[in-house]
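Me: I have a model open and want to go through its side chains. Can you take my questions as they come?

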Amino acid sequence: MSIRPAIRLSLALALLGALGACATPIPQPDFSGLMKPLAECRTLYAEVDARVAAAGVGHPAYHRVPGFPYLRTDRLMASYADEVGDLDRFGAWTRRMREFDQEARDYELRNLNLPRQERADLHGRMHACGYGLVPLELQNPAVQARLLQAVQPPDEYSTLRRTVGLLPLTAPLVRHEWEARAANIEARFATAAASPAAGTVTVWQPTIEVERRWVPDDLRALPDDPLGFPGLILTAWRALVEAHAPQLWWPSASSAPGAPRWQDGQLQIDRSEPVVHYQIGFTRFNGQPLVQIVYFIWSQGPRHPQLLQWRVTLDARAEPLIYDSLHAEDQIPLWFAAQPLIPRDDVDVPLLMPQLTVPDSRPALQLAGPANLLVGIAAANAPPANVDRHHYRLRSLDEVFTQETADGSVNLFLPDGRLRGSDGYAPAWSWPSGTPADGAIRHYLRQPLDPVNRHHYDDPHLLEAWFRLPPPATAQLPSRLRADWVR
């Protein structure tokens with residue numbers, strides 16, 4: 001039996017009230033004089049957040065900071081909590097979390113399917129509230145200290161299942177099953193390398209819309225903010241995305257990238273619209289933020305849609321440092337070093353690197369099988385003899401967060417990070433690990449990585465915890481942005 005919206009809203013409000021009662025309240029600033037209009041802002045935030053929760057349209061990418069409804073965080077921002085002691089860095093840090101909240105609220109208000117005028121009014125009021133509350137509340141040292149403690153997002157593992165599943169005892173079995181799956185992946189790459197696909201290969205390459213001159217030569221030479229994030233105009237970001245977008249090689253002419261659509265209560269892939277989505281983010285390595293570009297390659301599998309995530313981590317010169325991929329069928333990240341990197345000896349996770357060398361030119365992802373799994377990485381400038389060429393278009397992942405359907409706008413990702421309609425089979429051995437047992441495709445910022453240790457795909461210290469650069473005298477760092485790369 002369904003719960004009526006009004007009742008669900010009341011329950012959500014009661015839950016928010018209960019949670020608020022359990023937390024130490026934020027010291028209240030002085031709302032007199034010019035600050036009087038801000039006095040009702042926290043009530044407004046609570047009411048809107050309750051409506052979002054009741055409707056199930058919360059944005060999954062960013063986490064609400066408890067006690068600070070105008071801020072949202074992710075693991076990257078949380079990693080700076082101990083490094084924002086001066087005013088400039090603290091301001092840049094909170095400004096980014098304000099931007100996260102504004103971005104998330106824009107999607108949430110759209111997906112509430114409110115009348116346009118009401119949505120615009122709420123959006124404007126909440127923007128003004130956040131703009132006013134940040135300097136008013138965060139000037140208090142006690143509030144700042146509270147924020148530093150509250151900013152860390154929860155992890156994606158179930159402590160209850162890890163406890164009930166006796167993980168300390170079952171970990172050897174879980175790791176054994178993980179390693180068996182990893183061995184199958186390595187065998188898949190070895191087989192593909194030994195037996196290249198015969199016949200015509202269908203090649204999908206990105207459509208280049210921005211001139212190559214916009215690709216930055218050195219990110220260190222660009223203006224940056226106090227946290228070190230490079231500042232690029234939109235055209236330069238787009239050029240960077242196009243420069244590193246992979247080619248896709250399929251042995252079958254019927255395989256193609258497509259656009260995900262939510263139709264008639266099902267997730268479908270529209271192959272008449274060949275697109276690859278992308279998202280720009282950052283990680284940290286050797287004390288500096290590095291740009292990451294994640295490409296989302298959607299395709300139709302035999303049972304349900306498939307998603308291959310291909311991530312490119314760029315060094316300070318905007319050249320690939322390392323690639324990695326994640327496929328829902330594998331449930332294991334695959335790593336491919338583009339520059340000399342040495343796995344650390346003290347890594348607590350077996351690193352799966354099924355292909356030890358990758359080309360210097362634009363990579364071509366070789367896909368095969370019903371699930372369109374990655375089986376190898378080739379050089380895009382050295383295609384097979386017989387190719388059937390096509391082009392795909394690059395689009396921001398943002399468009400899947402507010403997709404119009406017959407019933408209104410929906411986010412293809414649910415609030416807990418699951419992709420709608422993608423629940424599949426998760427192996428039984430994953431249950432005691434505390435990783436999601438639904439087998440669903442998940443948003444890359446909500447993805448646990450290892451069944452034994454608590455690691456996340458978006459951990460900003462992941463690369464520097466697992467890899468190190470070789471001594472400078474032995475490092476060979478070839479220039480990769482040649483004409484054959486960006487063509």
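Predicted model: local features only at pLDDT ≥ 70, side-chain atom pairs only at ≥ 80, totals over all residues.

Me: What does Arg 42 pair with?

Reply: Its partner is Glu 137, with the closest N and O atoms 2.9 Å apart. Arg 42 lies in helix H2 and Glu 137 in helix H5 (residues 116-137), so the bridge ties together parts 95 residues apart in sequence. Helices (H or I, at least four residues) and strands (E, at least two) are DSSP runs, numbered from the N terminus.

Me: Is Glu 137 buried or exposed?

Reply: Glu 137 is buried, at 1% relative accessibility. Arg 42 is partly exposed at 23%. Buried means under 20% relative accessible area, exposed over 50%, partly exposed in between (1.4 Å probe, protein chains only).

Me: And which residue does Glu 83 bridge to?

Reply: Glu 83 bridges to Arg 284, and their closest N and O atoms are 2.8 Å apart. This pair links distant parts of the chain, 201 residues apart: Glu 83 is in the loop between helix H3 (75-78) and H4, and Arg 284 is in strand E7 (residues 275-285). Glu 83 is partly exposed, at 31% relative accessible area. Arg 284 is buried, at 7%.

Me: Where do Asp 101 and Arg 98 lie?

Reply: Both are in helix H4, three residues apart, about one turn of the helix. Asp 101 is buried at 1% relative accessibility. Arg 98 is buried too, at 7%. Salt bridges with shared partners join Asp 49, Arg 64, Arg 72, Arg 98, Asp 101, Arg 105 and Glu 108 into one network.

Me: Why does a spacing of three matter in a helix?

Reply: An α-helix has 3.6 residues a turn, so residues three or four places apart point the same way.

Me: Rings next. How many aromatic pairs are there?

Reply: The structure holds 15. Rings of Phe, Tyr and Trp (its six-membered ring) pair if their centres lie within 6.5 Å; planes under 30 degrees apart count as stacked, over 60 as edge-to-face and the rest as tilted. Tyr 45 and Tyr 70 form a tilted pair, 6.5 Å centre to centre with 55° between the planes. Tyr 45 sits in helix H2 (residues 41-55) and Tyr 70 in strand E2 (residues 68-73), so the pair ties together parts 25 residues apart in sequence. Both tyrosines are buried.

Me: What about Phe 90 and Trp 93?

Reply: Their ring centres are 5.9 Å apart and the planes are at 55°, so this pair is tilted. They are three residues apart in helix H4 (residues 87-111), about one helical turn. Phe 90 is buried at 10% relative accessible area. Trp 93 is buried at 0%.

Me: Which residues make up the ring cluster?

Reply: Ring pairs link Tyr 80, Phe 229, Trp 237 and Phe 282 into a cluster. Trp 237 is also among the buried residues of H9. Helix H9 (residues 234-244) is mostly covered, with nine of its 11 residues buried.

Me: Which ring does Arg 311 sit over?

Reply: The charged end of Arg 311 sits over the ring of Tyr 457, 3.8 Å from its centre. Arg 420 lies over the face of Trp 262, 5.9 Å from the ring centre. The test is NZ of Lys or CZ of Arg within 6 Å of the ring centre and within 35 degrees of the ring normal.

Me: Switching to Asp 315. What does it touch?

Reply: Asp 315 touches Leu 219, Leu 290, Leu 321 and Gln 339, not counting residues up to four places away in sequence. Contact means heavy atoms within 4.5 Å. Asp 315 lies in the loop between strand E9 (305-314) and strand E10 (320-327). Asp 315 counts as buried, at 9% relative accessibility.

Technical notes
Residues numbered from 1 in each chain as written. Heavy atoms only, no water. Salt bridge = Lys/Arg side-chain N within 4 Å of Asp/Glu carboxyl O.
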